[in-house]
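Please look over the structure below.

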Amino acid sequence: MLSRYVFKFTKSTSRFRKPSSLLVNCGNGSHSAIANIEDEGSFSGRMRSYGTSCAKLLEDVPKDDNPVSQMLVDSFGRLHTYLRISLTERCNLRCQYCMPAEGVDLTPNPQILSQNEIVRLANLFTSSGVNKIRLTGGEPTVRKDIEDICLHLANLKGLKTLAMTTNGLTLARKLPKLKECGLTSLNISLDTLVPAKFEFMTRRKGHHKVMESINAAIDLGYDPVKVNCVVMRGFNDDEICDFVELTREKPINIRFIEFMPFDGNVWNVKKLVPYAEMFDRVVRQFPSLSRLQDHPTETAKNFKIDGHRGAVSFITSMTEHFCSGCNRLRLLADGNLKVCLFGPSEVSLRDPLRSGADDNELREVIEAAVKRKKASHAGMFDIAKTANRPMIHIGG
């Protein structure tokens, strides 16, 4: 069964130091944990690195009722406890960095995972040690059964966090029910505070609806409300400090994301505003900006500003990748498993599932894919030349 479904993967040629076993001494005794901790590198100016507490290091290790399966551990010792599930390829916006102007060919509906298939596969992952699931798209809220999916996923044994990344266009009216169904965490995408620029970037109207959704999330008690902002030179890099101002009075975590290359988004290094430049702009206007302690698997570099209720983060996928601590897997809407956002390799879980594979056979397919995960992505220039799906297909 295994050989019928596992795709061929190119062996990694990257040089990568395998992690060592780290003995963590806690107040109530010693606990042995495998940690994949790499020095983040030196920071210039006010930037500095921090150690990791025992509690933080062990936070991602599932409880005894859902022991960690080798299915989730790759050949470099990275434990994958975070599953991102794309519910649909459809979206009610047409963001320029996500898809080309002419749009993309969507997978026919019969080839998209059903609600029952999503829940079955998610249960397979959570029973093996995954403790966080994020729902993405496309736009996940356009899926009509989104509430039912949330309700079923939230009740999976071992799941601690059920999150969603959304463009916020229709979120305000749906969020009360989604919270009742177990949605615990939110990321809302917003790349500009100027309505006209929003319409230009998304090729649709609706800026005010996104702002309403951010405020609705705050009113419902989500804390923090994470706001994802892809920064592009010449478009919104002049708004960086305006976005930071949103964190002054509200529990908003603004997350500045380096512009990344995907099929159809016409990526150009000249559009990239690197982390170091974004940081310098923020710290000049907000000199009390200070680094928070991050979990080893954290994708963002997180900061706090004195007197601000919220926080500021930078996701530095291009200039300072965080592959050494990656704990993420992606289940695409068509049922393909993608072990790296920037890697072209995928393996179908839908096909063996629909062919009658049992859970153990599915675990074999998943484990084989995870074991072949490379040490790191190829770097931004090679990524730009590598065939990959548009972001709308992969899931944000």
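## Overall picture

How much accessible surface does the protein have, and what percentage of it belongs to carbon and sulfur atoms? The accessible surface comes to about 17,600 Å². Carbon and sulfur atoms hold 50% of that area.

The model is predicted. The protein has 396 residues, and 54% of them count as buried. Its secondary structure comprises 13 helices and 14 strands. Take the contacts with a separation of 6 or more: 74% of them come from residues 24 or more positions apart.

## Helices H3 and H4

Two packed helices are described by the angle between their axes and the distance between the axes. Start with H3, residues 115–126, and H4, residues 146–154. Their axes come within 10 Å and cross at roughly 20°. That angle makes H3 roughly parallel to H4, since angles under 35 degrees count as roughly parallel. The crossing is right-handed.

Which residues meet here? H3 supplies Gln 115, Ile 118, Val 119 and Ala 122. H4 supplies Asp 148, Ile 149, His 152 and Leu 153. By class, the residues of this contact are 5 nonpolar, 2 polar and 1 charged.

## Helices H5 and H7

The second pair is H5, residues 171–180, and H7, residues 207–219. The axes of H5 and H7 come within 8 Å, with a crossing angle of roughly 25°. H5 and H7 are therefore roughly parallel to each other. H5 passes H7 in a right-handed crossing.

On the H5 side, the contact uses Leu 171, Ala 172 and Leu 175. On the H7 side, it uses Glu 212, Ser 213, Ala 216 and Ala 217. These residues divide into 5 nonpolar, 1 polar and 1 charged.

## Tyr 222

Where is Tyr 222 found? Tyr 222 lies in the loop between H7 and strand E7, residues 225–231. Is Tyr 222 buried or exposed? Its relative accessible area is 4%. The cut-off for buried is under 20%, so Tyr 222 is buried.

What does Tyr 222 touch, leaving aside neighbours within four places in sequence? Its contacts are Leu 175, Lys 179, Leu 183, Thr 184, Ser 185, Leu 186, Ala 217 and Pro 251. Among them, Leu 175 in H5 and Ala 217 in H7 also take part in the contact between those helices. Tyr 222 and Lys 179 are 43 residues apart in sequence. Their C-alpha atoms are 9.4 Å apart in space.

Methods: Residues numbered from 1 in each chain as written. Predicted model: local features only at pLDDT ≥ 70, side-chain atom pairs only at ≥ 80, totals over all residues. Heavy atoms only, no water. Axes fitted to C-alpha atoms, helices over the stretch in contact; angles between N-to-C directions. Helix = DSSP H or I, 4+ residues; strand = E, 2+ residues; numbered from the N terminus. Parallel < 35°, antiparallel > 145°, perpendicular 65-115°, else oblique. Left-handed = near helix turned anticlockwise from the far one by under 90°. Contact = heavy atoms within 4.5 Å. Nonpolar A, V, L, I, M, F, W, Y, C, P; charged D, E, K, R; others polar. Buried < 20%, exposed > 50% of the residue type's maximum accessible area, 1.4 Å probe, protein only. Areas by Shrake-Rupley, 256 points an atom, 1.4 Å probe, with all protein chains shown as cover.
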